[in-house]
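Here is a short briefing on a predicted model. Keep the structure open as you read.

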Amino acid sequence: MNDFRSRLETERPYLLRFASLQLRDPHAAEDAVQETLVAALAGEASFQGRANLRTWLTGILKHKIVDAIRRLSREATVVPLETDDLDAFFVDNGHWVDPPGAWADPGASLEQKRFFAALEACLARLPQKIAQAFMMREHLGLDTGEICKELAITPTHCWVLLYRARMALRECLEKEWFKSK
Amino acid sequence: MILSCKEVSRLVSQGLDRRLGWLERARLRLHLAICDGCTNFKKQMDFLRRAVARLQEELKERT
């Protein structure tokens, strides 16, 4: 094994964790990582001179993940555009049923390993399509234009998916972390 | 026109994904100035973004 190849191999576990946050199907995540490493090996010349191997690989991986999402979304389910189910959070005049209270020192949570376990558990509970849109936005850092294009949905639909994701995550984190601490 | 909390929550979320128009921003500010629940909600939405960004840092540290 040459030196570059073995350096690529050491990044595999990290790349797999990165891909798994976005792609729930473990095979799809492994495939995306494999395609990334193959592309990286072929493109060794274009890496020359770049400072950070992991950053470079992550950039390639993001494209491979988007390819996988495009393939997977052909068979994905449709999420309703209405937000009637979110009415449960509000009374008829649009006020909160249970107005959000302040979270105690959220910054400190970001220093705790257990917080991230709670966050990952909450992400795992999101319906697949909603989680996909949310992680494309927040994890891959795509803008809504790109997300709409890849998922073949309208901007309005995209905003609804992201809104649903955030409402559900807020609720989940409050229950599982901020109130149970 | 005063926005309801439901409308505000939707707009706060969209504010993370697109640039809101000046009228939307003005109405949002007006509502947030008088509503603790929505002010907390907005802080929590900002926190959520930071938390996912930090989750990526966490992945690196686990390696």
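**Where the chains meet**

In this predicted model, 28 residues of chain A are in contact with 29 residues of chain B.

- Four elements of chain A give two or more residues each to the side that touches chain B: α1 (3-22), α6 (113-125), α7 (128-138) and α9 (155-178).
- The most comes from α9(A), with 6 residues.
- By type, the residues on this side of chain A are 17 nonpolar, 6 polar and 5 charged.

**Chain A overall**

- Chain A has 9 helices and 0 strands.
- From the N terminus on, its elements therefore read α-α-α-α-α-α-α-α-α.
- The C-alpha trace of chain A spans about 65 × 40 × 25 Å along its principal axes.
- Of the 181 residues in chain A, 31% are buried.
- Take the contacts in chain A with a separation of 6 or more: 69% of them join residues 24 or more positions apart.

**A look at helix α8**

- Helix α8 of chain A covers residues 144-151, and its buried residues are A:T144, A:I147 and A:L151.
- Seen down the axis of α8(A), these buried residues fall within an arc of 60°, so they line one face of the helix.
- What do the buried residues of α8(A) pack against? They pack against α4 (53-73), α7 and α9 of chain A.
- Just after α8(A) comes A:A152, which takes a positive phi of about 55°.

How values were computed. Residues numbered from 1 in each chain as written. Chains lettered and ligands numbered in written order. Predicted model: local features only at pLDDT ≥ 70, side-chain atom pairs only at ≥ 80, totals over all residues. Contact = placed C-beta atoms within 7 Å. Nonpolar A, V, L, I, M, F, W, Y, C, P; charged D, E, K, R; others polar. Buried ≥ 20, exposed ≤ 12 C-beta atoms within 10 Å, placed from the backbone. Arc of directions from axis to C-beta.
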